[in-house]
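Subject: Structure handover

Hello,

Here is the structure I promised to pass on. Please open it first, then read my notes below.

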Amino acid sequence: MNVYLLFPSRNADPKQPLPPNADALIQDLELDTLFEAMARGDEYLRTAAKQALLSSLDSPAEILYRQEILRDCLKNPEVVRQIYSLPLQAIDRKHRHWMGIFSHYPSGVLSGALQMLEMFVDLLKTLKQIADEHGAAFESRGFRRFFAMIQQELDDAYFVEVQEHLERLKFREGVLLSAELGMGNQGANYVLRKTAHPARNWIQRILSRKASVYSYTLPMRDEHGARALGELRDQGINLVANAAGQSADHIDSFFAALRLELAFYLGCINLAERLAELGELIAFPAPAAADERVHSFTGLYDACLSLTMKQKAVGNSVNANGKDLVIITGANQGGKSTLLRSIGLAQLMMQCGMFVPAEAFSANLCRGVFTHYKREEDASMTSGKFDEELSRMSAIADLVRADSLVLFNESFAATNEREGSEIARQIVTALLERRVKVYFVTHQYELANGFHQRGMENALFLRAQRQQVDGRRTFQLQEGAPLPTSFGEDLYRKVFE
Amino acid sequence: MTFFSILFDNDDLPKETEAAPACFSDLNLDQIVKAVTARKKDYRLAPFFYTPLRSAETIRYRHEVMRDLENESLLAHIETFAEKMVIVGRYLGLVEKLEFHHHKQGWFLDAALVYCEAIGSLAENLAQINLTSRGLLALREYLTQYVTSPAFQSLTAEACKVKEGLAGVRYSIIIESGKFKVLKYEDEPDYSVEVEKTFAKFQQGAVKDYRSELGKASGMNHIEAKILEFVTLLYPEAFAALDRFRAGHTQFVDEALRTFDREIQFYIAYLDGMRDLRHKGLIFCYPEVGASKEVFVRDGFDLALAQTLLFSEKPVICNDFALTNPERVMVVTGPNQGGKTTFARMFGQLHYLASLGLPVPGRAARLFLCDNIFTHFERAEDIRNLRSKLQDDLVRLHEIFSRATPDSLIILNEVFASTSLKDAVFMSKEIMRRALELDLPGVWVTFIDELASFGEKTVSMVSAIVPEDPARRTFKIVRRPADGLAYALSLAEKHRLTYAQLKERIRL
């Protein structure tokens, strides 16, 4: 039995490592704000949200699979929360009753396993009930398969069969083993045998049929003997204890998988509810294949900004279809960084199957999203600032490949403009020739203008606007050629005057 | 049947030495031997590695065996044999140690079975293989006669028959609290399988294995002994046959084959080490070993260093040298950390390994069969020894020159580092004069340039640098006068982020 709610035909791997650039993404895109809105203080939900958001899916098909399920979740939030509570109950009961397999000896393993199995059977019955009552309200392929599986596998006959094993495994009368002679005439291949009558008197029945039987009763004080006999019994029930123990673990991991996979959707429900409270719109994005160049959106806003400000954020609309390079220039505090962040965030959200903060959004998948942002001076004093920027770029170069997306925010400006522009030019040119998609926010006129002069078909130039009259900015970006000043002057005035 | 040794072509030579030669730690030969013998401790192979040969003929004898062993199927057969002989030894050890009669008898039988199997398949397999070495041909001859001998034949036949009888024994145990019953087994179904089947649908990938490691390899407590006793009552004939077998075959392992089993490991241990390094692209060759002092190697390397780099990405740097008459001493100079000491060690290692009759690191080599390798490497000051460092240097050098002959080899590394340059130059020249008088081949690593151009018998070698990037070490030692250059790298180049570098790096 598999949950398969995150992927069409495989389980989620909770140990899947985050991409090496995860920390940079979290820092540069302010992802912690998003995680908090999804988690509402629950560490487990936060981890699940983080894992999902930073582990992009590879194909539009996988994304659409999750989008369908997420739509079901947004329609039936209470049923989803009810299912999610089952694994939590399992954890709670294990804690309260000290359940678990703590022994290394088969008899200990077996008794621990039996206790857990009895508890799980109870929860599985509840799950079956939910499937019977609410399954019909779900339309996604993922949930339909999930409920059908529960109904098919966990029918009444199955619960009866399990019950009988749980009774027999208590071995009230004793155990029957078969054995052969192994190396050095030592007993080997101990196999636990099924006795014909589970309840009573099976020993008498066997003995009445056999010719020679040799019996031995341990003397009262033979503690070594008692231990040795116990070990032998353990050897006999070793496999069945293992089977029971592993079955308990398997069911445990089934519930753990259920928790893990639903945690992502629960986070999404939480976020959707929060954004709705703020009056923000959400949309299910249209993903395109990685080798296409699609990027167009209307009303794209920075969800993290909106969550932080607790109010609606300004949206942007851009059509960058067919573009490999987007260079964003213009006024300070003109919304350049916000736009760049919202682009990175929406890309990650789309790629994990979430809705995006926009009225409409479509983009090609990117094989890896990378951020290269200007940073504070390196605290460790091991390298100069420019050196530090280059070493971060070098780390990205190790990971980036065709159809990746790299977001630069005022990169390579920690040296004079000529050198910085030249190095940035070389880097961006190399990235473009390797089919990497690049968004670059920069003040460096020489860099921006250099690319503008080339008249490239696949480049788009956006400029942060400011209202000409009183210097107030609109925080909206429009297409426009780079200008030689970044309007720092009026910011300076605003601060000093 | 004639006695033979796979390591020596005649009986007159000293076979084993208990202590390592003096040059061992300077040349890192101790590390090499430790690494090579690490997985074969029980064979005590080090004494073989401590015993260099003086006869070119014995070296040829070993080369022959080694070349045969490079045939992988032969090697596999011998390794299988060796593994089985280890098992035989372990089982016989149990027979000595154990307590219960039927238990001891059981292990004795199993030891004999493994032995017969080991010998039988080795003989059979060697017959299929094309052998050329005198050593292995003699082994095959010996084995052929041994396996057809009546003693071995009856050992095999009887062991198999007794085992067959015991393998047919099946019994059941009913375990209740404080008592048990033993009886013959009737076909009750396997219950564990049924339980597994019921819960199979929940399988979620790998889970913990709860099976206890209960099957002790060699133990038997009195309860198990009691059960076994009951089983002998259920099946008396099988156990009577076992007792008769033990009485009839007390000492079954052949002495000559036991010796072979140990000695052949000398080759196998070294071959194992070679195989690992060959996977890394390194090459070994069979050197020409003799009295000529016109030694050379192509693509030689420091074996100890190569072993430590085995699991690292770093490449092992290979170097060449060649002395043509009248050249005798290579003087190595150049920047620190440039591979000079490694080069000197390699020179010594090559000669020592060659004197063991083993292949040496390199593509091709001619090496000098010396009577002794004298080394003098800089050592940490020893507080227990009251001499100054300079005095210590001189005492040690004096000792070397009082024992060295024209057939010796000398390797000096940074001597006189603790005195003034003027003194060092003077003493170095004195020592060099003595060395050249003896006409012995050698390597001298030094910071004193004057030695490099001492005369027609010295050769100047330099650790090379990349002209464009002197900070980078090539670890190449080349034949030329010393030089040195320094250029700074641009920051972007350092991070490999120029247009050309970056484009090269990005994966498609």
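**Strand pairing in chain B**

Strand 1 (residues 170–176) and strand 2 (residues 179–184) of chain B run antiparallel, joined by 6 bridges. Strands pair if DSSP finds at least two bridges between them. Helices (H or I, at least four residues) and strands (E, at least two) are DSSP runs, numbered from the N terminus. Within this pair, B:Ile174 has B:Lys181 in strand 2 of chain B as its bridge partner.

A word on the source. This is a predicted model, where local features need pLDDT of at least 70, side-chain atom pairs count only at pLDDT 80 or more, and totals for chains, interfaces and linings use all residues. Residues are numbered from 1 along each chain as its sequence is written, while chains are lettered from A and ligands numbered from 1 in the order in which they are written.

**A sheet with strands from both chains**

Strand 1 of chain B also pairs with strand 1 (residues 175–181) of chain A, antiparallel, over 6 bridges. Here A:Ser178 stands opposite B:Ser172. The open sheet has 5 strands, in the order 2(A)-1(A)-1(B)-2(B)-3(A), with antiparallel pairing. Its edge strands come from chain A: strand 2 (187–192) and strand 3 (213–217), each pairing on one side only. From one strand to the next, the twist averages 25°. Helix 9 (residues 222–234) of chain B packs on this sheet. Helix 9 touches strand 2 and strand 3 of chain A, plus strand 1 and strand 2 of chain B. Its direction makes about 30° with that of strand 2 of chain B. Axes are lines fitted to C-alpha atoms, for helices over the stretch in contact, and angles run from 0 to 180 degrees between N-to-C directions.

**Where the chains touch**

How many residues of chain B are in contact with chain A? There are 70, and they meet 83 residues of chain A. Contact means that the C-beta atoms, placed from the backbone, lie within 7 Å. Helix 9 of chain B gives the largest share of the chain B side, 9 residues. Other elements giving two or more residues include helix 5, helix 8 (191–199), helix 17 (491–494) and helix 18 (499–505) of chain B. By class, this side has 34 nonpolar, 16 polar and 20 charged residues. Ala, Val, Leu, Ile, Met, Phe, Trp, Tyr, Cys and Pro count as nonpolar, Asp, Glu, Lys and Arg as charged, and the others, Gly among them, as polar.

**A helix pair in chain B**

Helix 5 (residues 101–127) and helix 10 (residues 236–248) of chain B have axes that come within 10 Å and cross at roughly 65°. Helix 5 contributes B:His102, B:Gln105, B:Phe108 and B:Leu109. They meet residues of helix 10, among them B:Phe239, B:Leu242 and B:Arg246. This contact has 5 nonpolar, 2 polar and 2 charged residues.

**A second sheet**

Another open sheet has 4 strands of chain B in the order 4-9-5-6, with mixed pairing. Its edges are strand 4 (288–290) and strand 6 (319–322) of chain B. The twist averages 20° from one strand to the next. Strand 5 (residues 296–300) of chain B runs antiparallel to strand 6 of chain B, with 3 bridges. B:Val297 stands opposite B:Phe321 there. Helix 13 (residues 340–355) of chain B packs on the sheet, and its direction makes about 80° with that of strand 9 (364–368) of chain B.

Best wishes

Methods
Contact = placed C-beta atoms within 7 Å.
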